[in-house]
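Open the model in a viewer and keep the selection tool at hand. The stops below are meant to be visited in order.

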Amino acid sequence: MYALAIITAICLASVLVSYVAFRRGFTHSADDYFVAGSSLGYFVLISSLLASFVSAFAMFGMAGLGYRTGFGALFVLTVNLVPLGFLWYFIHRKTFLLGKARKWRSMGAPFGDRYGDGMRVMIPLVVLVASIPYLVAQIQGIGVMIEVMTENMVSYRAGLFFVPVFIALYLIMGGMKGVAWVNTAQGLFFTFMVFVLFYAVMSKNGGFVPTMDLVYQKHPELFQLGAGQGRVWTYPMLFGFASAMCLGAVCFPQPYMHAYSSRTVKGFKAMVVAFGAICVVVISMTTMIGIGARSLALAQDPALSDVVSPIDADKVYGLAASETLPYWVAALAVAGGFTAAMTTVNGMVFGHATNIANDLYRLVRPEASARELVRFGRLCIAGILAVCVAIAWNPNTPVAELAVIAFGISAVTIFPLWGAYFWKRATRHGAIAATAVGVGMNIMFLGLGGNAMVLFPQAFLFNLNGFLASFLVAGVVFFGVSLATRLGATEQRSLAFFFHPSLDPGPHCKPEQSR
Amino acid sequence: MKQRNGTWQNRAFIVAFFVLTWLCWNPWGYGPYGPVGRILGVPYWAVLALVWAAILCLLEWIYLFRTPWSMNDEQLPGLMAQLEAVETEVSGPSKGNE
């Protein structure tokens, strides 16, 4: 009953925050609704971007991965994301500047302006299709969490309706401003609860070092590279995970949405540099909560000792909370994971709705008014959530297996994006061919060998995983096809503003001003 | 101006970013597989990874907020004026998502 009250309170508070955004008139025009009128300050930007990326996987999944495989998990979502600070800055600096100048609101806008309508349609569709399983996995997680937290008082399927209805309500009402505010509030909540649980787990055995000493005595393999006779956390395996997650994050909808929504240059820079640092702190903690849980009584459970399945390991976060915290605080800690899933759904669903309305619908109806676009965007939010709930209806639908390809598939779009901003010879043929080949190879590897072939090093691919092989081939195709084809009229025309001298970091920089 | 853009300090930052990215993605040189020493309970190689990440984060912050090579808010109005002018000249009113 207590857990149900917490969940309902979180949902109602989120709707209230969004309602305030709606009442204060932040959703009147299309610019207001889709990109918050480019008015977000740096604190909201940082919190919202972080919350929209940190999913249930970062909480329950990373604790479980730490529990099963040890410190190598730090290369999955923590230290490997720090390079995003400069990668996002260099790549999305032009997204920020040209987005302001050309009133971009969607992910397809830079591709459309640079390569034409083919890429304007292709990019949002590719990212949408790739990330649907990822979204469904979050919604399945929400359903399962509600069922477990309420001790079956609310069934899995009732939970599927209960929370997405609230999510749809506050996304439809509040627009980007509402999304950012809700993400900020929910992000602060789950970050605080991670600190609480970390402290509780480490305090149980006298502090961080004594806890790790205990774990080391029982499971020294969790502290090794190449453990399990060279099977777990080998160098190629670490590199494959680390690069896939980081490069995929460059190309997700969230950095575009937040670049367009930033009010100031300072806010944009603070957002990109703070993201990796906060991930290192927060997600390292969830990983170490999992490692530290090996010292708790829960590790005596037959299902959680020695060889542990990923499904059982995902329960470690909640079990550690139950064992180390009073009931009501434990419920809040688990609710933190629940809000992490909600914020990811918020960011992804709103990003996709924005793309569909501004890239696809406007192509079909170029004369659509701002009011009509906003109305269509709201319909898209409801539609995307309805599709996700329908797919998640069967809790055993194996979408988690497919969710991993979201990052890999998104990452192959980095070449067209880079070419749009930095290579004058990039052509639409190169961009389309690279995206098609990269996406096709990822799907082929998934079909042939499942997750393992996409994520783990393969001897026949020179010890690369399927993702990296697809990524490299997409790059070769992009450069090869671009060099072999001529620039069309759209590419020629786009050079004037995509490569305008004022966008060069050199000529307009005045060192005395920047200090 | 070009000379300033191409200063060795700017290039040094870029090189440092890529070297540190490599170290954050791939612990080559962190030591052999198998048992390792620990610092404050954390394996040596994981501490090293966290240190590289901290250095990279610090360098990124310095580059973005304490050097002349990144854009800043004072330049924004001028940049917008130039970009909007070129659009009107070359391509007519911006297409984008307007």
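**Stop 1: a helix pair in chain A**

Select residues 84–102 of chain A, which form helix α6, together with residues 235–250 of chain A, which form helix α12. The two pack at an angle of about 30°, and their axes are 10 Å apart. α6(A) and α12(A) are therefore roughly parallel to each other. Their crossing is right-handed.

Now show the side chains at the contact. From α6(A), pick A:Leu84, A:Leu87, A:Trp88 and A:Ile91; from α12(A), pick A:Cys246, A:Ala249 and A:Val250. Which classes are present in the contact of α6(A) with α12(A)? Seven of its residues are nonpolar, with no polar and no charged ones.

**Stop 2: helix α13 of chain A**

Move on to residues 253–261 of chain A, helix α13. Nine of its nine residues are buried, so α13(A) is largely enclosed by the rest of the structure.

**Stop 3: a helix pair in chain B**

Switch to chain B, where the average pLDDT is 84 and 81% of the residues score at least 70. Where pLDDT is low, the predicted coordinates should not be read in detail.

Select residues 8–25 (α2) and 44–66 (α3) of chain B. The axes of α2(B) and α3(B) come within 9 Å and cross at roughly 155°. These helices, α2(B) and α3(B), are therefore roughly antiparallel to each other. The crossing here is left-handed.

On the α2(B) side, the contact is made by B:Phe13, B:Ala16, B:Phe17, B:Leu20, B:Leu23 and B:Cys24. α3(B) contributes B:Ala49, B:Trp52, B:Ala53, B:Ile55, B:Leu56, B:Leu59 and B:Tyr63. By class, this contact of α2(B) with α3(B) has 13 nonpolar residues and no polar or charged ones.

**Stop 4: where the chains meet**

Finally, display both chains. In all, 56 residues of chain B are in contact with 60 residues of chain A. Elements of chain B that give two or more residues to this side include α1 (2–5), β2 (42–43) and α4 (76–90). Which element of chain B gives the largest share? That is α3(B), with 11 residues. Colour the side of chain B that touches chain A by class: 32 residues are nonpolar, 14 polar and 10 charged.

Key: Residues numbered from 1 in each chain as written. Chains lettered and ligands numbered in written order. Predicted model: local features only at pLDDT ≥ 70, side-chain atom pairs only at ≥ 80, totals over all residues. Axes fitted to C-alpha atoms, helices over the stretch in contact; angles between N-to-C directions. Helix = DSSP H or I, 4+ residues; strand = E, 2+ residues; numbered from the N terminus. Parallel < 35°, antiparallel > 145°, perpendicular 65-115°, else oblique. Left-handed = near helix turned anticlockwise from the far one by under 90°. Contact = placed C-beta atoms within 7 Å. Nonpolar A, V, L, I, M, F, W, Y, C, P; charged D, E, K, R; others polar. pLDDT = per-residue confidence, 0-100. Buried ≥ 20, exposed ≤ 12 C-beta atoms within 10 Å, placed from the backbone.
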